[in-house]
Amino acid sequence: MMTVSSPLPDRPSWLAHMLGAGFRPFFLLAALHALSGLVFWGLWLVSLELGDGVEAVSLAVPPFLWHGHEMLFGFLTAALAGFLLTAVPNWTQTAPVQGRSLAILVCLWGLGRVAFWTSALWPAWLVMAADVAFLPTLAWMLWRPLRQAQSKRNLPFVPLLIVLALASLLDHGSLAGYWSVGGAGRVIALDVVVSMMVIIGGRIAPAFSRNWLVARQRPADVIAPAILDRLAIGASLAVLLGDLLSLGGMVSLGWPLADSLRGLLLLMAAVAVGLRLVWWKPWRVFGEPLLWILHLGLAWVVAGFALRSYALLGPLWGDGTWSETTALHAHMVGAAGSLILGVMGRAGLGHSGRPLLASPMMVVSYWLVSLSALTRLAGPVLLSEWYGAAMGLAALLWVMAFVFYLWTFIPILAKP
């Protein structure tokens, strides 16, 4: 008797799989960029230790300025895009950006990276146009579903993305010599990202913690009062506004907003975000790495506000231990690194239908990012004679963290 087997369903192609959800290409690109960018940066630091430093012939700007721009507008924007392209359809109950539209976004992000990594080969205005195009396009694609949603609470992400795009434009113009605002564009960009971390972290960290506690029949009183949430978000946005006003002073009047006022705004943000974090009782979820990494990332947000405040207010009583440039790395490395690894790990597992369990490699990557942040912050203060070596170690720890992430998630995200 002949047996007829039913045909197996066709599996999607690799490209169709990758373009089926925004988190797949952008989380992988974020991790690959975090790794490759810091390898490049670390090699340059090593060259400084061994001699005079090797300048990258393809860069139109010094490597340390390239590093700051790329971490903000390359690594962070990819991670933000992956999160928002995944979260907005859930928030609005609309179809996700996928297929050709997602391919356009991926190509625009990649075009910006190629242009800036080879910026010495092109006119500055062309590099600027290629790099800045990604964020307004992302904002447009997200604005349509957010505008149609019944709730408008998520619409502020669109203007924040536009401010981020303007910060990129500002930084490109400053690097090209079109105007002179120093690193203001990068500071404003980091303020935008930190504000997003405060908003997004304030939603997911307590909600996920509450669900975990309820599932284990434990008291789940971890949701902060609405007033604390508003204070935390308002204070972080006040920091952004203060830096925008400082930029306005530099452009029109020739003087920045008083550092003491900026320092006070940062101090208020540290207190507001810190109070909200304590209210969540994060120690109650220390047994679950996918949860404590989110709380640890938000603790780094508090530390970043506090250290930046101290860097600005310290000189008032004669203490210049910290520079704001150093303090910014608590936000860039500690907060952004921790929250991005935590969110990319949880979303990668959950949206691929896998159990929400952190592997040992994931846990190691969490600790490595915080060790990288501590090394980057302490190096200039405690190891001034070994500055380059400390910076190289911080870069190595960061690279190792994202190697472990990629080792775990390339098969999960990229395999159909």
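1. The side chain of Ser-195 reaches the backbone oxygen of Ser-236 at 3.4 Å. Keep in mind that this is a predicted model, so the distance is computed from predicted atoms.

2. Where does Ser-195 sit? Ser-195 is found in helix H8. Is Ser-195 buried or exposed? Ser-195 counts as buried because its relative accessibility is 0%, and buried means under 20%. Setting aside neighbours within four places in sequence, Ser-195 is in contact with Ser-236, Leu-237 and Leu-240.

3. Helix H8 covers residues 184-215. The largest nonpolar core has 125 residues. Helix H8 gives the largest share of this core, 15 residues.

4. Which members of the largest core touch the most other members? They are Phe-75, Val-301, Phe-305 and Phe-402. In soluble globular proteins, nonpolar side chains tend to be buried together.

5. Look at Phe-75 in detail. Leave out residues up to four places away in sequence. Phe-75 then touches Ala-30, His-33, Ala-34, Glu-70, Met-332, Ile-340, Trp-398 and Phe-402. Phe-402 is also among the core members with the most contacts to other members.

6. There is a second, separate core of eight residues. Its members include Leu-65, Ala-115, Val-127 and Ala-130.

How values were computed: Residues numbered from 1 in each chain as written. Predicted model: local features only at pLDDT ≥ 70, side-chain atom pairs only at ≥ 80, totals over all residues. Heavy atoms only, no water. Core = buried A, V, L, I, M, F, W, Y, C linked by side-chain atoms within 4.5 Å. Buried < 20%, exposed > 50% of the residue type's maximum accessible area, 1.4 Å probe, protein only. Helix = DSSP H or I, 4+ residues; strand = E, 2+ residues; numbered from the N terminus. Contact = heavy atoms within 4.5 Å. Polar contact = N/O pair within 3.5 Å; in protein donor to acceptor, adjacent residues only side chain to side chain.
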